[in-house]
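Okay, I've got one structure for today, and I'll keep it short.

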Amino acid sequence: MKIFVLLGHPDSSSFNGQIVDAYSAHSQKKGHEVRVQKLGEMQFDPILWKGYKVVQDLEPDLKKAQENILWCNKWVIVYPIWWGAVPALLKGFFDRTLYSGFAYKYHEKDPLWDKLLKGRSGEIIITCDAPKYWIRWMYGNSDLKSVKRATMQFCGISPVKVTRISRMKYLNEAQRQRWISRIINQIPSTTS
C-alpha cells in the first residue's frame with residue numbers, strides 16, 4: 001500500500017510528531033511505501049487571500065503534497081485539537097491544497113459535485129487534553145465534522161478510520177508510548 005502521512009501539528013518534536021515517526025517507520029517495516037510531510041517544516045502561505053475567486057499559485061511544498069495525495073492509497077493525518085478545531089496551519093493547508101478541480105469539482109447545473117479523490121482510504125489520529133465525552137458533548141465532535149466529513153469524505157476519501165487520544169495532559173510517558181504501540185500494531189502487513 002502507498003501511504004501518505006501528514007503531521008498536522010506545527011511542532012515536529014511534539015507527541016503528534018512521535019506518532020507520525022513511529023507510524024511511518026512501522027508501515028515501512030510492514031512493507032508499505034510511505035511518504036511523509038510535516039506542516040511545521042513546509043514553506044507555504046496558509047492564507048487564501050482571495051477566497052476561491054482566484055487559485056493562488058502553489059508553493060513547491062503544496063505541489064508535493066498534491067502529488068503525495070494523488071500517489072497514495074491511504075492518507076493519514078495526525079493532529080491535535082486546539083480550541084475545538086484543528087490548528088490554523090492545518091486548516092490553511094486544506095484551504096490551499098484541496099481546491100476545486102483537484103480534490104472535488106462542482107457540477108455546473110446542479111448542487112452536486114464530483115469527488116476527485118475517490119479510491120483512497122483515510123486515517124485520522126487526534127490528540128486532545130479534554131476527555132472524549134467532552135469533545136463529543138460540548139463541541140459535537142467539531143474536528144471530525146470538519147476533517148473527516150467536510151474535507152476527506154467530501155473529496156471522496158472513504159472509509160476514514162479515527163483514533164482519538166484524549167486527556168493528553170494527564171498521560172505519563174509510558175501511557176503515551178502504549179498509545180503509539182496500540183496504533184502501530186493495527187497497521188496490517190502487505191501480506192495480510
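So, helix H1, residues 15-29, and helix H6, residues 173-184: their axes come within 10 Å and cross at roughly 35°. Keep in mind this is a predicted model. The way H1 passes H6 is a right-handed crossing. Who's touching whom? On H1 you've got Phe-15, Gln-18, Ile-19, Ala-22, Tyr-23 and His-26, and across from them on H6 there's Glu-173, Arg-176, Gln-177, Ile-180, Ile-183 and Ile-184. Sort that contact by class and you get seven nonpolar residues, three polar and two charged.

Now follow H6 over to the sheet. H6 lies across strand S6, 121-127, and S7, and runs at about 170° to S7.

The sheet itself is open, five strands, order S2-S1-S3-S6-S7, with parallel pairing. S2, at 33-38, and S7, at 160-165, are the edge strands; each has a single partner strand, so one side of each has no neighbour in the sheet. On average, neighbouring strands are turned by 15° against each other, ignoring direction.

Let's zoom in on one pair. S1, residues 2-7, and S3, residues 74-80, run parallel and are joined by five bridges.

Last bit, on annotation. UniProt, in an unreviewed entry, lists residues 1-178 as "domain: Flavodoxin-like fold". In our model that span is 35% helix and 21% strand, and its end C-alpha atoms lie 25 Å apart.

Okay, that's me done.

Conventions. Residues are numbered from 1 along each chain as its sequence is written. This is a predicted model: local features need pLDDT of at least 70, side-chain atom pairs count only at pLDDT 80 or more; totals for chains, interfaces and linings use all residues. Side-chain values use heavy atoms; hydrogens and water are left out. Axes are lines fitted to C-alpha atoms, for helices over the stretch in contact, and angles run from 0 to 180 degrees between N-to-C directions. Helices (H or I, at least four residues) and strands (E, at least two) are DSSP runs, numbered from the N terminus. A crossing is left-handed if the near helix is turned anticlockwise from the far one by less than a right angle, and right-handed if clockwise. Contact means heavy atoms within 4.5 Å. Ala, Val, Leu, Ile, Met, Phe, Trp, Tyr, Cys and Pro count as nonpolar, Asp, Glu, Lys and Arg as charged, and the others, Gly among them, as polar. UniProt positions are given in the numbering used here, feature names are shortened, and annotations may be inferred rather than shown by experiment. Two strands pair if DSSP finds at least two bridges between them.
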